[in-house]
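Okay, thanks for making time, everyone. Let me put the model up, and then I'll walk you through how its sheet and its core go together.

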Amino acid sequence: MGHPDNIYSLVADIGGTNTRVALADGRAIVAGTIRRYSNTDFPGLESVLRRYIADEGGVDPIAACVAVAGPVRDGRATMTNLDWTIDKETLARATRAETVAILNDLQAQGHALGYIDPANIRTVLPGPAGQPNAARLVVGIGTGFNSAPVFDLEQGRMVTPSESGHANLPIRNEMELRLCQFVSTAHGFPAVEDVLSGRGLERAYAFLGNEAGNPREAAAKDIMAACADGSDPRAIEAARLFTRILGTVCGNLSLIQLPFGGVYLVGGVARAFAPHLNTFGFGEAFRDKGRFAGFMSNFAVHVIEDDYAALTGSAAHLVALSK
């Protein structure tokens, strides 16, 4: 397979488990170029990108942008749930691209807003239509948890990074206090991500077993399967607990950022939970803010069901850089 040199951009979405790489023509992902690699098969990102370039016939991209699940500072990224460090020099060396950029994965999701097929957006909580330049918020629930506000300014789009998954888990009742104590035993600090992630769902399931005096483990995918077929009451209880806490956290983030343009949930766990959010009480928890309960109806909540949105966002960011 051959591609013309210095025409396409290379974009990558580096999660805690897999890395997805593709070529982009402007903001559009080139059909048939998306490839997925297991991170455990590679010592670092450079080897992944070199493999991808070889798999695509030695393509020479004009620009490259990678979205990473971890903080980015001064052009250098450290993965939160993977022992990789990525910098612009490494990215340029691996891809031979003239322009390179590194984004936090939630920043990439934010840059994708407005360029995703509406058919891939599921509305969970409807709300009033926001103004075209209204702030929006993306919230990622997958291997980890994070969020990023999206601002459309006269100078262009700004998506500010955060590491909100490592803030304290909110506590509203005695049961949630016991949950915090249960998940904090590993490192003495109950963070949002310790519950609101794939492994967090597994911890919620284990916690409920501990509460019942009948502990047992279950994988996140099996918990979600049991929610779908009703085969395990504890799985449904764990999903309800997870959903209520997710609603509380998303409501807190919405009060901080005021996303009148909507809240967008992204990530594999968010997509898996999408059919169950209303059933398991997400809306009630999201709006349970005392005298501000009515105000919370200003914020629509959606789930982005496009697994490749971060690739589109990375491509859109490169287009913005070229202007």
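So, Val150 stands opposite Val159 in strand 13. That's from strand 12, residues 145-153, pairing with strand 13 in the antiparallel sense over four bridges; a pair here needs at least two DSSP bridges. Strands are DSSP E runs of at least two residues, helices H or I runs of at least four, both numbered from the N terminus.

This is a predicted model, so local features need pLDDT of at least 70 and side-chain atom pairs 80 or more, while totals for chains, interfaces and linings use all residues. Numbering starts from 1 along each chain as its sequence is written, and side-chain values use heavy atoms, without hydrogens or water.

Zooming out, six strands make an open, mixed sheet, ordered 10-15-14-11-12-13. Strand 10 (121-125) and strand 13 (156-159) sit at the edges with a single partner strand each, so one side of each has no neighbour in the sheet.

Helix 7 packs on that sheet, touching strand 11, strand 12 and strand 14; contact means heavy atoms within 4.5 Å.

By core I mean buried Ala, Val, Leu, Ile, Met, Phe, Trp, Tyr and Cys joined through side-chain atoms within 4.5 Å, buried being under 20% relative accessible area with a 1.4 Å probe, protein chains only. That core has 47 residues, and Leu246 is among those touching the most other members. Leaving out residues up to four places away in sequence, Leu246 touches Ile141, Phe145, Leu196, Leu277 and Phe282. There's also a second, separate core of 29 residues, including Tyr52 and Val68.

Key. Buried means under 20% relative accessible area, exposed over 50%, partly exposed in between (1.4 Å probe, protein chains only). Axes are lines fitted to C-alpha atoms, for helices over the stretch in contact, and angles run from 0 to 180 degrees between N-to-C directions.
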